[in-house]
Amino acid sequence: MAQSALLKSSIAKKVAMALSGIFLMLFLAQHFFINITSVFSPDTFNLLSHFMGNNPLVQYVIQPILIVGVVFHFIMGFVLDYKNRKARPIAYVKNNGGANSSWFSRNMILSGSVILAFLGLHFYDFWVPEMVYKYVEVNPLDSTRYFHELAEKFESPVRTAIYCVSFVLLSLHLLHGFNSSMQSVGFNNKYSKALHKLGYAYAIVIPVGFIFIALFHHFNH
């Protein structure tokens, strides 16, 4: 009975981890589609950013859910990694784990930690100044400021390089995480191959798109 309860608890944690990951991937895609407009139309980017930054539903419902989702996903990742390592005390070098899985799939916690650090930088770059602008300094609304603020962040070659490297790591994290999430929630059927291809496409196109945006503004500002 104890083993059965432990197994159910572990499965539940994996499903919760997968669902939070899928939620974050949907947000990442939405975030990308807004940011890519900054390359083609500053006015469109300003319009969308102003809407997202001042819509009560986004600010007081979706944004808190997103923050909770990020925190939950990373905490659950650390918990599952700890439990997996505790349940498998024999080192991988002994059981040749690389024969059945990639190094990256066995070290998701490492890439996740780097991505978490990057998210801290991202929040510091964009979310914190936004909160200060609106709620600390209580500045008047300005729907034209977003494009300039975005482009200004990528003037620094160091910050641009950090963003690019972080999105490369995110791509590698997603290459395993997307398909792992789908399997955890039960998408292991006739659509598996199509989802697997979709996962690879997502894990490459979205991060590469963000890298393109950073480089574009760095070289065109």
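This is a predicted model: local features need pLDDT of at least 70, side-chain atom pairs count only at pLDDT 80 or more; totals for chains, interfaces and linings use all residues.
I took helices as DSSP runs of H or I of at least four residues, and strands as runs of E of at least two. From the N terminus on, I read the order as α-α-α-α-α-α-α-α.

**Overall.** I looked up burial next: 37% of the 221 residues are buried. The exposed surface comes to about 13,400 Å², and carbon and sulfur atoms supply 71% of it. I then checked contacts between residues at least 6 apart in sequence; 79% of them join residues at least 24 apart.

**Core.** The largest nonpolar core holds 32 residues, and I found that Leu28, Phe167, Leu174 and Tyr202 touch the most other members. Two or more residues each come from H1 (2-40), H3 (56-87), H5 (108-136), H6 (146-153), H7 (157-184) and H8 (192-220). H1 gives the largest share, 9 residues. Leaving out residues up to four places away in sequence, Leu28 touches Leu170, Leu174, Tyr202, Ile206 and Phe210.

**Helix H8.** I checked the span of H8: its 29 residues reach 41 Å from first C-alpha to last, close to the 42 Å expected at 1.5 Å a residue. Its buried residues include Leu195, Gly199, Tyr202, Ala203, Ile206, Phe210, Ile213, Ala214 and His217. An α-helix has 3.6 residues a turn, so residues three or four places apart point the same way.

**Gln63.** Is Gln63 buried or exposed? I count Gln63 as buried because its relative accessibility is 19%, and the cut-off is under 20%. Gln63 lies in helix H3. I list Val58, Trp127 and Met131 as its contacts, not counting residues up to four places away in sequence.

Conventions. Residues are numbered from 1 along each chain as its sequence is written. Side-chain values use heavy atoms; hydrogens and water are left out. A nonpolar core is a set of buried Ala, Val, Leu, Ile, Met, Phe, Trp, Tyr and Cys residues joined through side-chain atoms within 4.5 Å. Buried means under 20% relative accessible area, exposed over 50%, partly exposed in between (1.4 Å probe, protein chains only). Contact means heavy atoms within 4.5 Å. The expected span of a helix is 1.5 Å times one less than its number of residues. Accessible areas come from the Shrake-Rupley method with a 1.4 Å probe; for residues, only the protein chains shown count as cover.
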